[in-house]
Amino acid sequence: EILAEIGLDPDIVDMAIADPTTNDEVLADHNAVVDLGGFGVPILVFPDGATIFGPVVTPGPTGEAAMRLWDLTVGWQEFPHLYEMRRPKTAADKAHIDEQFRPYVEARDWRTISNPAP
């Protein structure tokens, strides 16, 4: 639905999954990020090769709020030895995260550690 909303062919996802080179391209991208010291998602890679994990925020901001978050994220580059800032998650935060990701988790049909083959 999102692809159609932005004027792209919704079948592009199925075509990419059916294309045997897609896995190679995804693996190459993954390995490139790992080689830069990245881990997990989301990883941002800046033009100088620096990586930052994050931002992790839900729901994703839009408009001016998104621009402020981007400016803050890019601002981390000013402090090359700033490695982590974290806000402890409350029970309400965990409930929010569960609510936000429930449709994703329930909709998936691929096999993972959390969703093994029957």
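## Surface and overall form

The accessible surface of the chain amounts to about 10100 Å², and carbon and sulfur atoms account for 61% of that area. The model is a predicted one. Of the 118 residues in the chain, 7% count as buried.

Five helices and two strands make up the secondary structure of the chain. Read from the N terminus, the order of these elements is α-α-α-β-β-α-α. The radius of gyration of the chain is 18 Å, whereas the globule rule gives 13 Å for 118 residues; the chain is therefore more spread out than a compact globule. The C-alpha trace extends over about 45 × 35 × 35 Å along its principal axes.

## Domains and contacts

The chain is divided into two parts: domain 1 covers residues 1–36 and domain 2 covers residues 40–110. Taken over C-alpha atoms, the centres of domain 1 and domain 2 lie 21 Å apart.

Contacts between residues at least 6 apart in sequence provide a further description of the chain: 21% of them join residues at least 24 apart.

## Helix α3 and Val-33

Helix α3 comprises residues 20–35, and Val-33 is found within this helix. From its first C-alpha to its last, α3 reaches 24 Å; for its 16 residues, 22 Å is expected at 1.5 Å a residue, and the two values are close. After α3 comes Gly-37, which has a positive phi near 95 degrees. For context, most residues other than glycine have a negative phi.

The C-alpha atoms of Val-33 and Thr-51 are 8.1 Å apart, with a sequence separation of 18 residues.

The loop between β2 (51–53) and α4 (63–75) contains Pro-55. The peptide bond leading from Gly-54 to Pro-55 is cis, with omega near 0 degrees.

Pro-59 also lies in the loop between β2 and α4. Thr-58 and Pro-59 are joined by a cis peptide bond, for which omega is about -10 degrees. As a general point of reference, most peptide bonds are trans.

## Arg-86 and helix α5

Where is Arg-86 placed? Arg-86 belongs to the loop between α4 and α5. This residue counts as exposed because its relative accessibility is 65%, the cut-off for that class being over 50%. Arg-86 and Val-34 are separated by 52 residues in sequence and by 22 Å in space, C-alpha to C-alpha.

Helix α5 consists of 17 residues, numbered 91–107. At 1.5 Å a residue, α5 should span 24 Å, and the distance between its end C-alpha atoms is 24 Å, in agreement with that expectation. Within α5, a kink of about 50 degrees lies at Phe-101, shortly before the proline Pro-103.

Methods:
Residues are numbered from 1 along each chain as its sequence is written. This is a predicted model: local features need pLDDT of at least 70, side-chain atom pairs count only at pLDDT 80 or more; totals for chains, interfaces and linings use all residues. Side-chain values use heavy atoms; hydrogens and water are left out. Helices (H or I, at least four residues) and strands (E, at least two) are DSSP runs, numbered from the N terminus. The expected span of a helix is 1.5 Å times one less than its number of residues. The bend at a residue is the angle between axes fitted to the seven residues ending there and the seven starting there. The radius of gyration is taken over C-alpha atoms; the globule rule is 2.2 Å times the number of residues to the power 0.38. Buried means under 20% relative accessible area, exposed over 50%, partly exposed in between (1.4 Å probe, protein chains only). Contact means heavy atoms within 4.5 Å. Accessible areas come from the Shrake-Rupley method with a 1.4 Å probe; for residues, only the protein chains shown count as cover. Domain bounds come from an automatic or database domain assignment.
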